[in-house]
Amino acid sequence: MRWTMKKLLHANFSRLIRSKVFLICAAVMFIASVALTLWSASFVKNFEEDHKFYLDVFVFNLAPYTALLSAVFITLFIGTEYSNKTIRNKLIVGHTRTNIYLADFITCFAGSVTVIALWFVGMIPGVFLTDGFEMGFSGVLEYFFIAVGFTAVFCSIFVLIGTLAPNKALAVVLVMAVWFALMFLGYFADENMTNVNFDKITIIENGKETIVEEVRNHFITYRMLSRINPAAQTIFMANVAYGNLSYSTSDFTFDLGPLYTSSLLDIVFSIVITVIITAIGIFFFRKKELR
């Protein structure tokens, strides 16, 4: 079984590195990252010469679009296997459907992580032109692992759709529709957590101003919902919200605590959801009739 999976992965990776679509997507991400970094450094320094300038606020704005690039090459990568009858040939030579599905997921995930890595590498020139990252190296590393987490969820969704859709055209439509739907729900969750009227949500208890418990539960509910939506995680990252999720007014500050701010929980949720979606995909792929 180990050698069978090894052969599948070798064939998949050989096809991936020769894929023009994948190479274009990787190049687009790298160029966009470098361009955004250089533009940000130039733009802000022209207006704030006497102040420190950090990259954090700008370079993570690409987060919501990383999944879009993954969606493009994953859908076409999986679709080509059907149009070229590659999957049927793999079954004929003795590969199991489970191994085929897992090999496709691993390949697509590795390709997507490569795109993510190029995004982060593209930020490096900005370190020498600005004051670097306010969050420090550890913060950037944390953001990278969060990005790998939500990328895994997106990949599991896109591979499932690409594998089960009856044709490549429908797969592209469904993937785009799912991406837009997840982004809409992500912005909805973000809106419910950031647009807050502090005058109506606090009370005085023992001479101390505190947040109303009902409102706290509201925040935590939407935060937990955002954890199961990879698009919401990309929006959090674009807003540089991880590790900085507290709310303030002129005389009041509160933090919803680790349940709200912890990025580790986001990564755990991403792993669990990826496993669940992949298991569902394998279950239905094993029942799918191949023509």
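## A152 and its contacts

Beyond its neighbours within four places in sequence, A152 is in contact with F105, F109 and T274. The model is predicted. A152 belongs to helix α8, which covers residues 136-164. The C-alpha atoms of A152 and F109 are separated by 6.2 Å. Along the chain, these two residues are 43 residues apart.

Is A152 buried or exposed? Its relative accessibility is 11%. The cut-off for buried is under 20%, so A152 counts as buried.

A pair of aromatic rings is described by the distance of the centres and the angle of the planes. The chain has 13 aromatic pairs. F154 and F158 form one that is stacked. Their centres are 5.7 Å apart, with 25° between the planes.

## T75 in helix α4

T75 sits in helix α4, residues 63-83. Its relative accessibility is 3%, so T75 counts as buried. The side chain of T75 reaches a backbone oxygen, that of A71, at 2.6 Å.

Which residues does T75 contact, once neighbours within four places in sequence are left aside? They are K168, A171, V172 and V175.

Two arginines lie over rings. R15 is over the face of F77, 3.9 Å from the ring centre. R97 places its charged end over the ring of F285, and the distance to the centre is 5.5 Å.

## The whole chain

How many helices and strands does the chain have? There are 13 helices and four strands. The chain has 291 residues, and buried residues make up 47% of them.

Take the contacts between residues at least 6 apart in sequence. Of these, 81% join residues at least 24 apart. The chain exposes about 15100 Å². Carbon and sulfur atoms supply 66% of that area.

Conventions. Residues are numbered from 1 along each chain as its sequence is written. This is a predicted model: local features need pLDDT of at least 70, side-chain atom pairs count only at pLDDT 80 or more; totals for chains, interfaces and linings use all residues. Side-chain values use heavy atoms; hydrogens and water are left out. Helices (H or I, at least four residues) and strands (E, at least two) are DSSP runs, numbered from the N terminus. Buried means under 20% relative accessible area, exposed over 50%, partly exposed in between (1.4 Å probe, protein chains only). Contact means heavy atoms within 4.5 Å. Accessible areas come from the Shrake-Rupley method with a 1.4 Å probe; for residues, only the protein chains shown count as cover. A polar contact is a pair of N or O atoms within 3.5 Å; within protein, one must be able to donate a hydrogen and the other to accept it, and residues adjacent in sequence count only if both atoms are side-chain atoms. Rings of Phe, Tyr and Trp (its six-membered ring) pair if their centres lie within 6.5 Å; planes under 30 degrees apart count as stacked, over 60 as edge-to-face and the rest as tilted. A charge sits over a ring if NZ of Lys or CZ of Arg is within 6 Å of the ring centre and within 35 degrees of the ring normal.
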